[in-house]
Amino acid sequence: MSENNSDKAKVRKTVPAIRSAKRSNGNDPLVMVTGYDYPAAQILDRAGVDIILVGDSLSNVVLGNKSTTDVSMDDMVHHVKAVANAQTIALVVADLPWLSFHLNPENSILNAAALVKAGATAVKLEGGKKRSDHIKAIIDAEIPVMGHIGLTPQSVNVFGGFKVQGKTESQAEALINDAIDLEKAGCFSIVLEAVPRNLAKTITDTIKIPTIGIGAGPDCDGQVIVFHDLLGFYPDKGAKFVRRYLDFADLATEAINRFIGDVKSGNYPNDEESYH
Ligand code: KIV
């Protein structure tokens, strides 16, 4: 980014502003990072991200579950409230968890509305053409929707693992058609997860709404990454596309070790840290 993030005008990001942020129109790439609580939202906002995604990756990285499908609507609402309390400049988008947008459009609208009432401005949901009716219904209820195609983790059992999607010609064509369908359904942007770089570029060049990539190469209109991957909360680096900017787990362990040492040795608290 050319601009110093701290100098950014304090105007809340809007859905129309994100919708029109194609790089082909001369815009900077969009930056989206997941955030699941109040302090993380404050840090992300101070740094100047465009979008905070309360992702269903909450399930794995915060709640310690094995799968994103283990997270509930109640869990999502709880964490969206915490992020919304930070009153960020960044747009807050919340994931609809597995089975919250699969039954009937009325049920999908009510679940999307619960996330908006908790403080999100828009929702994200996984899937292409087969979710169009639900997407249209949610948008008809005045709730903006971000799409998500490619390696959609909620479908991992159908895919048979976390595999790059769109590698064959027919899969690639299906993903391009999905992206076109999502745009037609009214999505304001689309996450492309784990697809070959060339396919991500083709999709980005084909549709007029921004693509936000994760493991989809540098030609998307923006990039998204999980907060805990970016900051190194876990020893395992994770997927190929993850670039770590901090080894938080090591730094935090070392700091807590120093605290333990100070308490055990009688060095904490000292007289200045005591009330008189
Ligand atoms: O839940 C999540 O973290 C996501 C991102 C990987 C896009 O959906």
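This is a predicted model: local features need pLDDT of at least 70, side-chain atom pairs count only at pLDDT 80 or more; totals for chains, interfaces and linings use all residues.

User: What are the distances to ligand oxygen atoms for the side chains of Asp-95 and Ser-57?
Analyst: Both residues are among those around the ligand. For Asp-95, a polar side-chain atom lies 3.1 Å from a ligand oxygen.

User: Which elements do the buried residues of α4 pack against?
Analyst: Helix α4 covers residues 73-84, and its 12 residues should span 16 Å at 1.5 Å a residue, which agrees with end C-alpha atoms 16 Å apart. Its buried residues include Met-73, Met-76, Val-77, Val-80 and Ala-84. A helix has 3.6 residues a turn, so residues three or four places apart point the same way. The partners of the buried residues of α4 are α2 (38-47), β2 (51-54), α3 (58-61), β3 (91-95) and α5 (105-117).

User: Is Gln-87 buried or exposed?
Analyst: Gln-87 sits in the loop between α4 and β3. Its phi is positive, about 45°, although Gln-87 is not a glycine. Exposed means over 50% relative accessible area. Because its relative accessibility is 69%, Gln-87 counts as exposed.

User: What follows α6, and what is its phi?
Analyst: In α6 (residues 132-140), the buried residues are Ser-132, His-134, Ile-135, Ala-137 and Ile-138, and their cover includes α5, β4 (122-124), β5 (145-150) and α8. The loop between α6 and β5 holds Glu-142, which is exposed at a relative accessible area of 69%. The residue that follows α6 is Glu-142, with a positive phi near 70°.

User: Which elements do the buried residues of α8 pack against?
Analyst: At 1.5 Å a residue, the 17 residues of α8 should span 24 Å, and the end C-alpha atoms are 24 Å apart, which agrees. The buried residues of this helix include Ala-172, Leu-175, Ala-179 and Leu-182. They pack against α6, β5, β6 and α9 (197-206).

User: Which residue follows α8, and what is its phi?
Analyst: Helix α8 spans residues 169-185, and Ala-185 is one of its buried residues. The residue that follows α8 has a positive phi, near 115°, and is Gly-186.

User: Is Gln-165 buried or exposed?
Analyst: Gln-165 is found in the loop between α7 (156-159) and α8. Its contacts beyond four places in sequence are Gly-150, Leu-151, Phe-159, Gln-171, Leu-175, Ala-194, Val-195 and Pro-196. A polar atom of its side chain also lies 2.8 Å from the backbone oxygen of Lys-163. Because its relative accessibility is 11%, Gln-165 counts as buried.

User: What is the relative accessible area of Ser-189?
Analyst: Ser-189 belongs to strand β6 (residues 189-193). Beyond four places in sequence, Ser-189 touches Val-145, Met-146, Gly-147, Ile-209, Pro-210 and Ile-212. Buried means under 20%. Ser-189 is buried, with a relative accessible area of 0%.

User: Which residues does the cis peptide bond with omega of about -5° join?
Analyst: One of the two partners, Pro-269, lies in the segment after α11 (248-265). The cis bond, with omega about -5°, joins Tyr-268 and Pro-269.

User: How far apart are the centres of domain 1 and domain 2?
Analyst: The protein is divided into domain 1, residues 5-245, and domain 2, residues 248-276. Taken over C-alpha atoms, the two centres are separated by 39 Å.

How values were computed
Residues are numbered from 1 along each chain as its sequence is written. Side-chain values use heavy atoms; hydrogens and water are left out. Helices (H or I, at least four residues) and strands (E, at least two) are DSSP runs, numbered from the N terminus. The expected span of a helix is 1.5 Å times one less than its number of residues. Buried means under 20% relative accessible area, exposed over 50%, partly exposed in between (1.4 Å probe, protein chains only). Contact means heavy atoms within 4.5 Å. Domain bounds come from an automatic or database domain assignment. A residue is near a molecule or strand if one of its heavy atoms lies within 4 Å of it. A polar contact is a pair of N or O atoms within 3.5 Å; within protein, one must be able to donate a hydrogen and the other to accept it, and residues adjacent in sequence count only if both atoms are side-chain atoms.
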